[in-house]
Amino acid sequence: AGASQQKHGVCILPRGCEEGDEQILRDRQFALRLGEPVQFHVVSTSGDTPYQLGELITLTEDFHSLPPLAVAFQRDDAAVRQVTVQLATSLTETGTLQLQCLAVDDPEQRWDVEFPIRRAAPNAGIESSQLPPRFDEASAAIERGFGPRSKDVAPQTIKSLRNDLEKLLGPRDTWPTPCLRALYQTLWDYGKNRRRSDTHERVWLGLIGYCLRPGFGYPLDDWRIEQLWKIYPQGIQYVSETQNWSEWWTLWRRVAGGLSESAQQILFDAIALYLNPATARQSNHAQVAKKRGYEDMIRLAAALERLPVASKIQLGSWLLQRLQKPGESLQCWWALGRVATRVPFYGSAHGVIPRDIASAWLHEHLLPLDWKKLPQAGFAATLIARQSGDRVRDLDEELSRNVIAKLQMTKAPQSWIALIETVTTLDAQQENQIFGEALPPGLRLL
(Lines give C-alpha, C1' and ligand atoms only; values in the text may rest on other atoms or scores of the structure.)
Protein backbone atom coordinates (compact mmCIF):
# COMPACT_ATOMS: atom_id res chain seq x y z
CA ALA A 1 0.00 0.00 0.00
CA GLY A 2 1.41 3.43 -0.91
CA ALA A 3 0.21 6.98 -1.48
CA SER A 4 -0.30 7.80 -5.14
CA GLN A 5 2.21 10.69 -5.07
CA GLN A 6 4.90 8.68 -3.25
CA LYS A 7 7.65 6.53 -4.75
CA HIS A 8 7.54 3.88 -2.04
CA GLY A 9 4.98 1.63 -0.38
CA VAL A 10 4.81 -0.86 2.45
CA CYS A 11 4.03 -4.54 1.90
CA ILE A 12 0.85 -5.33 3.84
CA LEU A 13 0.08 -8.78 2.38
CA PRO A 14 3.06 -10.95 1.31
CA ARG A 15 2.68 -13.39 -1.57
CA GLY A 16 1.56 -16.89 -0.62
CA CYS A 17 -0.61 -15.98 2.35
CA GLU A 18 -3.28 -18.56 3.15
CA GLU A 19 -6.94 -17.67 3.55
CA GLY A 20 -7.64 -16.31 7.01
CA ASP A 21 -3.94 -16.01 7.89
CA GLU A 22 -3.76 -12.60 9.61
CA GLN A 23 -0.71 -10.41 9.05
CA ILE A 24 -0.10 -7.59 11.54
CA LEU A 25 2.43 -4.82 10.89
CA ARG A 26 3.60 -4.62 14.49
CA ASP A 27 6.72 -2.58 13.72
CA ARG A 28 4.77 0.18 11.91
CA GLN A 29 2.29 2.45 13.64
CA PHE A 30 0.00 5.13 12.28
CA ALA A 31 -1.95 7.99 13.85
CA LEU A 32 -5.62 8.35 12.90
CA ARG A 33 -7.92 11.23 13.72
CA LEU A 34 -11.29 9.74 14.56
CA GLY A 35 -14.30 10.99 12.65
CA GLU A 36 -12.16 12.41 9.84
CA PRO A 37 -11.74 10.74 6.43
CA VAL A 38 -8.69 8.54 5.95
CA GLN A 39 -7.59 7.54 2.46
CA PHE A 40 -5.82 4.26 1.76
CA HIS A 41 -3.87 4.06 -1.50
CA VAL A 42 -3.44 0.44 -2.53
CA VAL A 43 -1.41 -1.09 -5.34
CA SER A 44 -0.87 -4.69 -6.41
CA THR A 45 1.66 -6.56 -8.49
CA SER A 46 1.67 -9.90 -10.29
CA GLY A 47 5.46 -10.13 -10.13
CA ASP A 48 7.27 -12.96 -8.37
CA THR A 49 9.35 -10.88 -5.97
CA PRO A 50 8.89 -12.37 -2.44
CA TYR A 51 8.27 -9.15 -0.51
CA GLN A 52 8.22 -9.50 3.26
CA LEU A 53 5.53 -8.12 5.56
CA GLY A 54 6.28 -4.48 6.40
CA GLU A 55 9.05 -4.20 3.80
CA LEU A 56 9.53 -0.77 2.20
CA ILE A 57 9.15 -1.21 -1.55
CA THR A 58 10.04 1.09 -4.44
CA LEU A 59 6.93 1.45 -6.60
CA THR A 60 7.60 0.91 -10.30
CA GLU A 61 5.48 0.47 -13.43
CA ASP A 62 5.02 -3.19 -12.41
CA PHE A 63 2.53 -2.07 -9.75
CA HIS A 64 -1.12 -1.55 -10.63
CA SER A 65 -3.01 1.21 -8.84
CA LEU A 66 -6.33 0.15 -7.29
CA PRO A 67 -9.14 2.52 -6.33
CA PRO A 68 -8.22 4.37 -3.11
CA LEU A 69 -10.55 3.80 -0.20
CA ALA A 70 -11.78 6.75 1.85
CA VAL A 71 -13.26 5.89 5.25
CA ALA A 72 -13.97 7.68 8.52
CA PHE A 73 -13.44 5.80 11.79
CA GLN A 74 -15.67 6.30 14.83
CA ARG A 75 -15.30 5.28 18.47
CA ASP A 76 -17.73 5.15 21.36
CA ASP A 77 -15.55 7.48 23.40
CA ALA A 78 -16.31 10.76 21.61
CA ALA A 79 -13.57 12.54 23.57
CA VAL A 80 -10.83 10.54 21.84
CA ARG A 81 -9.79 12.51 18.77
CA GLN A 82 -6.63 10.63 17.77
CA VAL A 83 -5.61 7.01 18.11
CA THR A 84 -2.43 5.11 17.22
CA VAL A 85 -3.05 1.96 15.21
CA GLN A 86 -1.34 -0.96 13.52
CA LEU A 87 -2.53 -2.50 10.26
CA ALA A 88 -3.78 -6.08 10.11
CA THR A 89 -4.52 -7.82 6.80
CA SER A 90 -5.80 -11.20 5.66
CA LEU A 91 -7.10 -12.81 2.49
CA THR A 92 -10.73 -13.91 2.64
CA GLU A 93 -12.14 -17.02 0.97
CA THR A 94 -13.97 -14.81 -1.56
CA GLY A 95 -10.73 -13.25 -2.81
CA THR A 96 -10.92 -9.93 -1.06
CA LEU A 97 -8.34 -8.18 1.05
CA GLN A 98 -9.55 -7.64 4.60
CA LEU A 99 -7.89 -4.61 6.11
CA GLN A 100 -8.26 -3.69 9.76
CA CYS A 101 -6.84 -0.96 11.96
CA LEU A 102 -5.97 -2.16 15.47
CA ALA A 103 -5.72 0.33 18.33
CA VAL A 104 -2.27 -0.04 19.92
CA ASP A 105 -3.54 0.87 23.41
CA ASP A 106 -6.57 -1.43 23.10
CA PRO A 107 -6.00 -4.42 20.72
CA GLU A 108 -9.65 -5.41 21.07
CA GLN A 109 -10.64 -2.16 19.37
CA ARG A 110 -10.68 -2.74 15.59
CA TRP A 111 -11.98 -0.87 12.58
CA ASP A 112 -12.88 -3.03 9.58
CA VAL A 113 -12.23 -1.97 6.00
CA GLU A 114 -12.89 -4.48 3.23
CA PHE A 115 -12.80 -4.03 -0.50
CA PRO A 116 -12.15 -6.18 -3.60
CA ILE A 117 -8.64 -6.47 -5.02
CA ARG A 118 -9.47 -8.51 -8.13
CA ARG A 119 -11.50 -5.87 -9.91
CA ALA A 120 -11.82 -2.15 -9.28
CA ALA A 121 -15.26 -1.07 -8.18
CA PRO A 122 -16.87 0.65 -11.20
CA ASN A 123 -17.86 3.74 -9.24
CA ALA A 124 -15.47 3.83 -6.30
CA GLY A 125 -16.60 6.18 -3.55
CA ILE A 126 -20.04 6.87 -5.09
CA GLU A 127 -23.27 5.58 -3.57
CA SER A 128 -26.04 4.46 -5.93
CA SER A 129 -28.43 6.75 -4.05
CA GLN A 130 -26.40 9.73 -5.31
CA LEU A 131 -27.04 8.88 -8.96
CA PRO A 132 -30.01 9.93 -11.13
CA PRO A 133 -32.79 7.33 -11.58
CA ARG A 134 -31.84 6.65 -15.20
CA PHE A 135 -28.10 6.47 -14.68
CA ASP A 136 -27.94 2.76 -15.56
CA GLU A 137 -29.54 3.56 -18.92
CA ALA A 138 -26.97 6.30 -19.49
CA SER A 139 -24.14 3.94 -18.61
CA ALA A 140 -25.60 1.38 -21.02
CA ALA A 141 -25.69 4.03 -23.78
CA ILE A 142 -21.96 4.62 -23.29
CA GLU A 143 -21.34 0.88 -23.41
CA ARG A 144 -23.26 0.61 -26.68
CA GLY A 145 -21.04 3.30 -28.15
CA PHE A 146 -17.67 2.21 -26.79
CA GLY A 147 -18.13 -1.35 -25.53
CA PRO A 148 -16.84 -4.56 -27.13
CA ARG A 149 -19.64 -4.63 -29.70
CA SER A 150 -19.47 -0.98 -30.69
CA LYS A 151 -17.76 -1.89 -33.98
CA ASP A 152 -21.21 -2.76 -35.27
CA VAL A 153 -22.82 0.46 -34.04
CA ALA A 154 -23.88 3.02 -36.64
CA PRO A 155 -21.68 6.18 -36.67
CA GLN A 156 -24.74 8.32 -35.93
CA THR A 157 -25.11 6.51 -32.59
CA ILE A 158 -21.71 7.82 -31.50
CA LYS A 159 -22.38 11.32 -32.80
CA SER A 160 -25.66 11.53 -30.90
CA LEU A 161 -24.33 10.05 -27.63
CA ARG A 162 -24.16 13.36 -25.80
CA ASN A 163 -27.72 14.24 -26.81
CA ASP A 164 -28.86 10.75 -25.80
CA LEU A 165 -27.29 11.20 -22.37
CA GLU A 166 -29.06 14.53 -21.94
CA LYS A 167 -32.39 12.92 -22.79
CA LEU A 168 -31.78 10.40 -20.01
CA LEU A 169 -30.16 12.64 -17.40
CA GLY A 170 -31.35 16.14 -18.28
CA PRO A 171 -29.26 19.08 -19.55
CA ARG A 172 -25.62 18.28 -18.95
CA ASP A 173 -24.95 21.44 -16.94
CA THR A 174 -27.36 20.02 -14.35
CA TRP A 175 -25.63 16.65 -13.98
CA PRO A 176 -24.57 16.42 -10.30
CA THR A 177 -20.94 15.76 -9.45
CA PRO A 178 -21.45 12.11 -8.34
CA CYS A 179 -23.15 11.43 -11.67
CA LEU A 180 -20.31 13.07 -13.60
CA ARG A 181 -17.65 11.03 -11.80
CA ALA A 182 -19.62 7.81 -12.29
CA LEU A 183 -19.96 8.58 -16.00
CA TYR A 184 -16.22 9.22 -16.07
CA GLN A 185 -15.59 5.72 -14.74
CA THR A 186 -17.84 4.13 -17.36
CA LEU A 187 -16.08 6.08 -20.11
CA TRP A 188 -12.69 5.10 -18.69
CA ASP A 189 -13.63 1.42 -18.57
CA TYR A 190 -14.20 1.49 -22.35
CA GLY A 191 -11.45 3.98 -23.16
CA LYS A 192 -9.37 1.48 -25.11
CA ASN A 193 -12.04 1.55 -27.83
CA ARG A 194 -11.95 5.32 -28.26
CA ARG A 195 -9.75 5.01 -31.37
CA ARG A 196 -12.18 2.98 -33.48
CA SER A 197 -13.00 6.07 -35.53
CA ASP A 198 -12.35 9.79 -35.48
CA THR A 199 -15.88 10.26 -34.11
CA HIS A 200 -15.30 7.75 -31.30
CA GLU A 201 -12.15 9.59 -30.30
CA ARG A 202 -13.67 13.06 -30.49
CA VAL A 203 -16.79 12.17 -28.48
CA TRP A 204 -14.84 10.24 -25.83
CA LEU A 205 -12.34 13.05 -25.26
CA GLY A 206 -15.11 15.63 -24.98
CA LEU A 207 -17.20 13.61 -22.55
CA ILE A 208 -14.50 12.32 -20.24
CA GLY A 209 -12.96 15.77 -19.79
CA TYR A 210 -16.37 17.27 -19.07
CA CYS A 211 -17.11 14.57 -16.48
CA LEU A 212 -13.83 15.08 -14.59
CA ARG A 213 -13.69 18.87 -14.63
CA PRO A 214 -12.13 20.77 -12.85
CA GLY A 215 -9.87 17.82 -11.95
CA PHE A 216 -10.20 18.20 -8.18
CA GLY A 217 -12.73 18.82 -5.44
CA TYR A 218 -14.46 15.42 -5.20
CA PRO A 219 -13.27 12.30 -3.30
CA LEU A 220 -10.79 10.17 -5.27
CA ASP A 221 -10.25 12.80 -7.99
CA ASP A 222 -6.50 12.51 -7.45
CA TRP A 223 -6.72 8.82 -8.35
CA ARG A 224 -8.88 9.55 -11.40
CA ILE A 225 -6.37 12.15 -12.62
CA GLU A 226 -3.55 9.66 -12.10
CA GLN A 227 -5.46 7.23 -14.33
CA LEU A 228 -6.26 9.79 -17.00
CA TRP A 229 -2.73 11.20 -17.27
CA LYS A 230 -1.52 7.79 -18.46
CA ILE A 231 -3.14 8.41 -21.86
CA TYR A 232 -1.21 11.63 -22.49
CA PRO A 233 1.91 9.93 -23.94
CA GLN A 234 -0.38 8.06 -26.36
CA GLY A 235 -1.65 11.29 -27.93
CA ILE A 236 -4.53 11.21 -30.39
CA GLN A 237 -4.99 8.76 -33.22
CA TYR A 238 -6.63 10.99 -35.85
CA VAL A 239 -4.04 13.74 -36.10
CA SER A 240 -5.47 15.19 -39.29
CA GLU A 241 -8.78 16.03 -37.58
CA THR A 242 -8.75 19.59 -36.19
CA GLN A 243 -11.76 18.96 -33.96
CA ASN A 244 -10.02 15.98 -32.34
CA TRP A 245 -7.05 18.21 -31.51
CA SER A 246 -9.45 20.76 -30.09
CA GLU A 247 -11.06 18.17 -27.81
CA TRP A 248 -7.61 16.89 -26.79
CA TRP A 249 -6.45 20.29 -25.54
CA THR A 250 -9.86 21.03 -24.03
CA LEU A 251 -9.69 17.80 -22.04
CA TRP A 252 -6.43 18.84 -20.36
CA ARG A 253 -7.65 22.40 -19.81
CA ARG A 254 -10.75 21.13 -18.06
CA VAL A 255 -8.81 18.93 -15.62
CA ALA A 256 -5.69 21.10 -15.29
CA GLY A 257 -6.43 21.86 -11.64
CA GLY A 258 -5.77 18.23 -10.76
CA LEU A 259 -2.47 17.97 -12.64
CA SER A 260 0.90 18.26 -10.96
CA GLU A 261 3.42 20.98 -11.78
CA SER A 262 5.51 18.52 -13.80
CA ALA A 263 2.50 17.41 -15.86
CA GLN A 264 1.56 21.02 -16.54
CA GLN A 265 5.11 21.76 -17.65
CA ILE A 266 4.93 18.85 -20.11
CA LEU A 267 1.74 20.30 -21.58
CA PHE A 268 3.23 23.79 -21.81
CA ASP A 269 6.35 22.51 -23.55
CA ALA A 270 4.14 20.68 -26.06
CA ILE A 271 2.28 23.83 -27.16
CA ALA A 272 4.96 26.50 -26.61
CA LEU A 273 6.23 26.09 -30.18
CA TYR A 274 2.87 27.23 -31.52
CA LEU A 275 2.38 30.08 -29.04
CA ASN A 276 5.81 31.68 -29.31
CA PRO A 277 5.55 34.54 -31.85
CA ALA A 278 9.16 34.02 -32.92
CA THR A 279 8.57 30.45 -34.12
CA ALA A 280 5.06 31.26 -35.36
CA ARG A 281 6.60 33.46 -38.07
CA GLN A 282 7.85 30.33 -39.77
CA SER A 283 5.34 29.60 -42.50
CA ASN A 284 4.55 25.99 -41.63
CA HIS A 285 4.12 26.56 -37.88
CA ALA A 286 1.20 28.97 -38.21
CA GLN A 287 -0.58 26.58 -40.55
CA VAL A 288 0.06 23.56 -38.31
CA ALA A 289 -1.06 25.50 -35.23
CA LYS A 290 -4.40 26.31 -36.88
CA LYS A 291 -4.97 22.67 -37.80
CA ARG A 292 -4.08 21.55 -34.28
CA GLY A 293 -6.49 23.79 -32.41
CA TYR A 294 -4.55 27.01 -31.83
CA GLU A 295 -7.27 28.78 -29.83
CA ASP A 296 -7.67 25.78 -27.54
CA MET A 297 -3.92 25.74 -26.99
CA ILE A 298 -4.17 29.35 -25.79
CA ARG A 299 -6.95 28.48 -23.36
CA LEU A 300 -5.02 25.48 -22.08
CA ALA A 301 -1.83 27.49 -21.54
CA ALA A 302 -3.71 30.07 -19.46
CA ALA A 303 -5.20 27.31 -17.28
CA LEU A 304 -1.78 25.93 -16.27
CA GLU A 305 -1.60 27.81 -12.97
CA ARG A 306 1.12 25.58 -11.48
CA LEU A 307 3.71 26.66 -14.03
CA PRO A 308 6.76 28.47 -12.63
CA VAL A 309 6.43 32.26 -12.52
CA ALA A 310 9.11 32.61 -15.20
CA SER A 311 7.05 30.50 -17.61
CA LYS A 312 3.95 32.57 -16.88
CA ILE A 313 5.82 35.82 -17.56
CA GLN A 314 7.07 34.35 -20.82
CA LEU A 315 3.57 33.28 -21.79
CA GLY A 316 2.14 36.71 -20.94
CA SER A 317 4.80 38.40 -23.07
CA TRP A 318 3.98 36.12 -26.01
CA LEU A 319 0.28 36.92 -25.72
CA LEU A 320 0.95 40.67 -25.67
CA GLN A 321 3.13 40.39 -28.76
CA ARG A 322 0.45 38.41 -30.55
CA LEU A 323 -2.27 40.91 -29.60
CA GLN A 324 -0.41 43.64 -31.45
CA LYS A 325 -1.15 41.81 -34.69
CA PRO A 326 -4.53 42.60 -36.33
CA GLY A 327 -6.90 39.68 -36.41
CA GLU A 328 -5.35 37.86 -33.44
CA SER A 329 -7.73 35.60 -31.52
CA LEU A 330 -9.69 37.42 -28.82
CA GLN A 331 -9.05 34.39 -26.61
CA CYS A 332 -5.62 35.92 -26.00
CA TRP A 333 -7.19 38.66 -23.86
CA TRP A 334 -8.94 36.14 -21.62
CA ALA A 335 -5.72 34.16 -21.40
CA LEU A 336 -3.66 37.23 -20.53
CA GLY A 337 -6.06 38.15 -17.72
CA ARG A 338 -5.94 34.69 -16.24
CA VAL A 339 -2.16 34.41 -16.51
CA ALA A 340 -1.59 37.77 -14.76
CA THR A 341 -4.50 37.71 -12.30
CA ARG A 342 -3.93 38.54 -8.65
CA VAL A 343 -6.20 35.66 -7.56
CA PRO A 344 -5.57 32.28 -9.23
CA PHE A 345 -8.49 29.95 -9.87
CA TYR A 346 -6.81 27.04 -8.08
CA GLY A 347 -3.06 27.74 -8.03
CA SER A 348 -0.89 28.92 -5.18
CA ALA A 349 -0.50 32.61 -4.37
CA HIS A 350 3.26 32.04 -4.64
CA GLY A 351 2.82 31.42 -8.35
CA VAL A 352 1.28 34.83 -9.11
CA ILE A 353 3.16 37.10 -11.53
CA PRO A 354 4.86 39.94 -9.59
CA ARG A 355 2.74 43.06 -9.38
CA ASP A 356 5.38 45.31 -10.96
CA ILE A 357 5.26 43.24 -14.14
CA ALA A 358 1.46 43.08 -14.10
CA SER A 359 1.34 46.85 -13.53
CA ALA A 360 3.63 47.48 -16.47
CA TRP A 361 1.44 45.35 -18.73
CA LEU A 362 -1.61 47.38 -17.66
CA HIS A 363 0.11 50.76 -18.18
CA GLU A 364 1.73 49.99 -21.49
CA HIS A 365 -0.70 47.68 -23.24
CA LEU A 366 -4.22 47.68 -21.75
CA LEU A 367 -5.03 51.16 -20.42
CA PRO A 368 -4.29 52.91 -23.76
CA LEU A 369 -6.94 50.78 -25.54
CA ASP A 370 -10.61 51.60 -26.10
CA TRP A 371 -12.40 49.09 -23.87
CA LYS A 372 -15.77 50.07 -25.29
CA LYS A 373 -14.70 48.69 -28.65
CA LEU A 374 -12.64 45.92 -27.04
CA PRO A 375 -14.40 44.76 -23.85
CA GLN A 376 -12.19 41.65 -23.77
CA ALA A 377 -9.25 43.91 -22.87
CA GLY A 378 -11.33 45.46 -20.09
CA PHE A 379 -12.08 42.02 -18.65
CA ALA A 380 -8.39 41.13 -18.79
CA ALA A 381 -7.58 44.36 -16.92
CA THR A 382 -10.21 43.46 -14.32
CA LEU A 383 -8.57 40.11 -13.60
CA ILE A 384 -5.11 41.68 -13.42
CA ALA A 385 -6.31 44.39 -11.00
CA ARG A 386 -8.58 42.15 -8.92
CA GLN A 387 -8.25 42.60 -5.15
CA SER A 388 -6.78 39.64 -3.27
CA GLY A 389 -6.38 41.22 0.18
CA ASP A 390 -2.63 40.57 0.00
CA ARG A 391 -0.55 43.77 -0.21
CA VAL A 392 2.30 41.88 -1.86
CA ARG A 393 0.11 40.82 -4.77
CA ASP A 394 -2.37 43.69 -5.12
CA LEU A 395 -1.67 46.64 -7.41
CA ASP A 396 -1.14 50.09 -5.94
CA GLU A 397 -4.29 52.10 -5.20
CA GLU A 398 -3.76 54.71 -7.90
CA LEU A 399 -3.48 52.15 -10.67
CA SER A 400 -6.52 50.28 -9.36
CA ARG A 401 -8.51 53.53 -9.34
CA ASN A 402 -7.48 54.20 -12.92
CA VAL A 403 -8.74 50.78 -13.98
CA ILE A 404 -12.02 51.31 -12.12
CA ALA A 405 -12.49 54.75 -13.68
CA LYS A 406 -11.99 53.38 -17.16
CA LEU A 407 -14.39 50.50 -16.53
CA GLN A 408 -17.01 52.98 -15.33
CA MET A 409 -16.44 55.21 -18.33
CA THR A 410 -16.96 52.29 -20.72
CA LYS A 411 -20.03 51.12 -18.76
CA ALA A 412 -18.52 47.76 -17.88
CA PRO A 413 -20.58 45.42 -15.65
CA GLN A 414 -20.67 46.46 -12.00
CA SER A 415 -19.57 42.96 -11.03
CA TRP A 416 -16.22 43.62 -12.74
CA ILE A 417 -15.71 46.82 -10.79
CA ALA A 418 -16.62 45.09 -7.52
CA LEU A 419 -13.76 42.61 -8.04
CA ILE A 420 -11.28 45.51 -7.94
CA GLU A 421 -12.92 47.55 -5.19
CA THR A 422 -13.09 44.78 -2.58
CA VAL A 423 -12.07 41.20 -1.93
CA THR A 424 -15.06 39.48 -3.50
CA THR A 425 -16.21 35.88 -3.76
CA LEU A 426 -17.01 34.89 -7.32
CA ASP A 427 -20.60 34.13 -8.24
CA ALA A 428 -21.47 31.30 -10.63
CA GLN A 429 -21.39 33.55 -13.72
CA GLN A 430 -17.95 34.92 -12.82
CA GLU A 431 -16.61 31.42 -12.17
CA ASN A 432 -17.91 30.48 -15.60
CA GLN A 433 -16.12 33.46 -17.21
CA ILE A 434 -12.80 32.71 -15.55
CA PHE A 435 -12.83 28.90 -15.67
CA GLY A 436 -14.21 28.89 -19.21
CA GLU A 437 -17.41 26.97 -18.41
CA ALA A 438 -19.64 26.19 -15.44
CA LEU A 439 -18.29 24.15 -12.56
CA PRO A 440 -20.11 20.88 -11.79
CA PRO A 441 -23.18 21.33 -9.58
CA GLY A 442 -22.18 20.76 -5.97
CA LEU A 443 -18.59 21.98 -6.32
CA ARG A 444 -17.67 25.47 -5.14
CA LEU A 445 -14.34 27.27 -5.04
CA LEU A 446 -13.07 28.02 -1.55
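Predicted model: local features only at pLDDT ≥ 70, side-chain atom pairs only at ≥ 80, totals over all residues.
Good morning. L220 counts as buried, because its relative accessibility is 3% and the cut-off for that class is under 20%.

As to position, L220 sits in the loop between α5 and α6. That loop between α5 (198–212) and α6 (221–229) also holds P214. The peptide bond leading from R213 into P214 is cis, and its omega is near -5°.

Let me turn to K411. This residue, too, is not glycine and has a positive phi, near 55°. K411 is found in the loop that runs between α16 (397–409) and α17 (414–421). Is K411 buried or exposed? K411 is exposed, because its relative accessible area is 72%, and exposed residues are those over 50%.

My last topic is the second largest pocket. The space in this pocket comes to about 500 Å³. Which residues lie nearest its centre? They are L13, P14, V43, S44 and T45, out of a lining of 23 residues. Two strands, β1 (8–10) and β5 (43–44), each contribute at least two residues to the lining of this pocket. What is the make-up of that lining by residue class? In the second largest pocket, 17 lining residues are nonpolar, five are polar and one is charged.

Terms used. Residues numbered from 1 in each chain as written. Heavy atoms only, no water. Helix = DSSP H or I, 4+ residues; strand = E, 2+ residues; numbered from the N terminus. Buried < 20%, exposed > 50% of the residue type's maximum accessible area, 1.4 Å probe, protein only. 1 Å grid on protein atoms, 1.4 Å probe; cavity = no way out; pocket = protein on both sides within 12 Å on 5 of 7 lines; lining within 4 Å. Points joined across faces, edges and corners; volume = space filled by probe spheres on them. Nonpolar A, V, L, I, M, F, W, Y, C, P; charged D, E, K, R; others polar.
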